[in-house]
Amino acid sequence: QMEQRDKWATKIGLILAMAGNAIGLGNFVRFPTQVAGNGGGAFMVPYFLALFLLGIPVMWVEWVQGRYGGKYGHGTLGPTFYLMARESLKPRSALIFGLIGGALAFATTTLLNSYYLHLIGWSAAYSWFSISGAYFNVESTAKFFESYLSNHGLVFLFWGITVVLLAIAVGQGVSKGIERWVKVMMPLLYVFAVILVIYVFALGSPLGQPQWSTIKGFEFIWSPNWTYLKEHLWSVMLAASGQIFFTLSLGMGIIQNYASYLGPKDDVALSGLATVSLNEFAEVVLGGSIAVPLAVAYAPKIVPPEVLAKGSNAALQWISENFGLGFSYTSLPNIFVQMGTAGRFFGALWFLLLWFAGFTSAIAMYNYLTALLEEDLGISRKTGTWIVFIIYFLLGIPVVYINGYLDQVDAWISFQLALLALFDIIVGVWLFKPDNFWKELHEGALINVPEFYKWITVIIAPIFIALPLFGTFTDLVSKTLGWPAKIAIIAMLIIGAIEAYYAIKKKYGEELEKNEVI
Ligand code: PHE
Ligand code: NA
């Protein structure tokens, strides 16, 4: 007899946890980067297309999968995929899909989080550097960032503070740990973001030069560049769907994991939609209104003088090309310095916002691995959280010591998210059977999903996901990935598959022994 599985205690707790899962650095850093670098406002056309044709349907598929697996005591993808594939296949063939799901989800929750945790650690450090004024009197904030990164003791200190807190939260369990933490952190996150947005707009043209204002920055990201979209249609579509998967936490296994703590008759249709809406508000409205408008308002202070001399278009071009992850830690601090004492406060608020956003996402990956140890391997949650700590520590070493490793693994992950999303549909809709999927989606549902969404999910979404996948794979393997990244990826995929095999075998070994095929 199985002991009772943990469950979300309250509806609001569940929704905030799911929103926390989705809302992350993707909203505040990755999204503005993608918009600025892909045709500005024109990017939003493929973006919304991907949201409605991929994001929302895959979100529903993952909620259905998670609740279904949870009914049988599973919060990991190996056994869940196995059970769903069993609807159409004999055990031996279903096993293959279980291994694929388990391998991909394990690789994401280990590798993606291994560098994501470092980025969150940087944010923790920079909250501290802002409030203490550490970078306020330096010659260059970019050099300051470099020297921070080369101080590995300091990097691991802030990483450690973050991950110990994660371990504590996850160790307390789902309803008594994660749910309580997000109930405090998520409302604060929205408050921080709203304060920053209001402040950014109130700044106007802080340098007293009307051509550089936060409104100009806002216009810059939102004015549609149709020629760019036409000329780069394929790559922009790829970027848009990649952003949708990343920002909604799809193709990772963590939406399923959170949904596995639902009761069998708890709503998934409206809750899935609520998760998407909360994330999109935090992305399109809040995420687009802080960093880029700030950068444009202070352009003369961050754009190199020789570029600035060529005029404002060249300066905007420079911002869109240089706006990236590092930008948050190199150029934005420079802007906070310009604000004087207020900059200490608003700088700290910005990095604390990133820290909260990252923390409440990372917690989901942390819980996936903890659940895996707990349910599949019988290791207690408390012990499990510290094993996960060690796993992340070890996987963080190449992130800190090998140049380029972070970006390479990140490039692979973007590909892998789409791949797992495709298998979500193959297993959770095709093999599970579209009618079963539709019935499950409406079990306990608080809304009725229009029938045409069934066909979007069955046919349109998988085509949209599959088309670009093959083109990118060869480039990734032949051009992008170095050996350390390749070794880490292959190792995590293999360990994930072995783990899934063990988990499935342990529980469903008898039917697998029967030797039936197909
Ligand atoms: N949805 C998250 C984001 O926008 C992605 C993520 C989730 C990354 C969990 C890491 C861990 O940032
Ligand atoms: Na997000």
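This is a predicted model: local features need pLDDT of at least 70, side-chain atom pairs count only at pLDDT 80 or more; totals for chains, interfaces and linings use all residues.
Visitor: What makes the radius of gyration of the chain agree with that of a compact globule?

Guide: A compact globule with 518 residues would have a radius of gyration near 24 Å, and because the chain has 23 Å, the two agree. Along the principal axes, the C-alpha trace spans about 75 × 50 × 45 Å. The chain holds 24 helices and zero strands, and among its contacts with a separation of 6 or more, 84% are between residues 24 or more positions apart.

Visitor: Why is the arrangement around the sodium ion (ligand 2) called octahedral?

Guide: Six donors count as octahedral if opposite donors are over 155 degrees apart and all others between 65 and 115. The six donor atoms around the sodium ion (ligand 2) subtend angles of 77 to 168 degrees, and the arrangement is therefore octahedral.

Visitor: Which protein atoms coordinate the sodium ion (ligand 2), and at what distances?

Guide: The sodium ion (ligand 2) is coordinated at 2.2 to 2.6 Å by A22 (O), N27 (OD1), T247 (O), T247 (OG1) and N279 (OD1), and for sodium a donor has to lie within 3.2 Å. Along the chain these donors follow the spacing A-x4-N-x219-T-x31-N. Because A22 lies in helix α1 (residues 11–22) and N279 in helix α13 (residues 269–286), the pair ties together parts that are 257 residues apart in sequence.

Visitor: How do you know whether A22 is buried or exposed, and what of N279?

Guide: Buried means under 20% relative accessible area; A22 has 4% relative accessibility and so counts as buried, and N279, with a relative accessible area of 0%, is therefore buried as well.

Visitor: What makes the pair E440 and K71 a salt bridge?

Guide: The rule asks for a side-chain nitrogen of Lys or Arg within 4 Å of a carboxyl oxygen of Asp or Glu, and in the pair E440 and K71 the closest N and O atoms are 3.4 Å apart. This pair links distant parts of the chain, with E440 in helix α22 (residues 434–442) and K71 in helix α3 (residues 44–71), 369 residues apart. By this rule the count comes to 10 salt bridges.

Visitor: What else does R381 reach with its side chain, and which residues are in contact with R381?

Guide: The side chain of R381 reaches the backbone oxygen of V170 at 2.8 Å. Leaving aside neighbours within four places in sequence, R381 is in contact with V170, G171, G173, V174, Y261, N367, T370 and E374.

Definitions and conventions: Residues are numbered from 1 along each chain as its sequence is written. Chains are lettered from A and ligands numbered from 1 in the order in which they are written. Side-chain values use heavy atoms; hydrogens and water are left out. Donors are N, O and S atoms within 2.8 Å of the metal (3.2 Å for Na, K and Ca); water is not among the atoms, so sites may look incomplete. Four donors count as tetrahedral if all angles lie between 85 and 135 degrees; four count as square planar and six as octahedral if opposite donors are over 155 degrees apart and all others between 65 and 115; anything else is irregular. Helices (H or I, at least four residues) and strands (E, at least two) are DSSP runs, numbered from the N terminus. Buried means under 20% relative accessible area, exposed over 50%, partly exposed in between (1.4 Å probe, protein chains only). A polar contact is a pair of N or O atoms within 3.5 Å; within protein, one must be able to donate a hydrogen and the other to accept it, and residues adjacent in sequence count only if both atoms are side-chain atoms. Contact means heavy atoms within 4.5 Å. The radius of gyration is taken over C-alpha atoms; the globule rule is 2.2 Å times the number of residues to the power 0.38.
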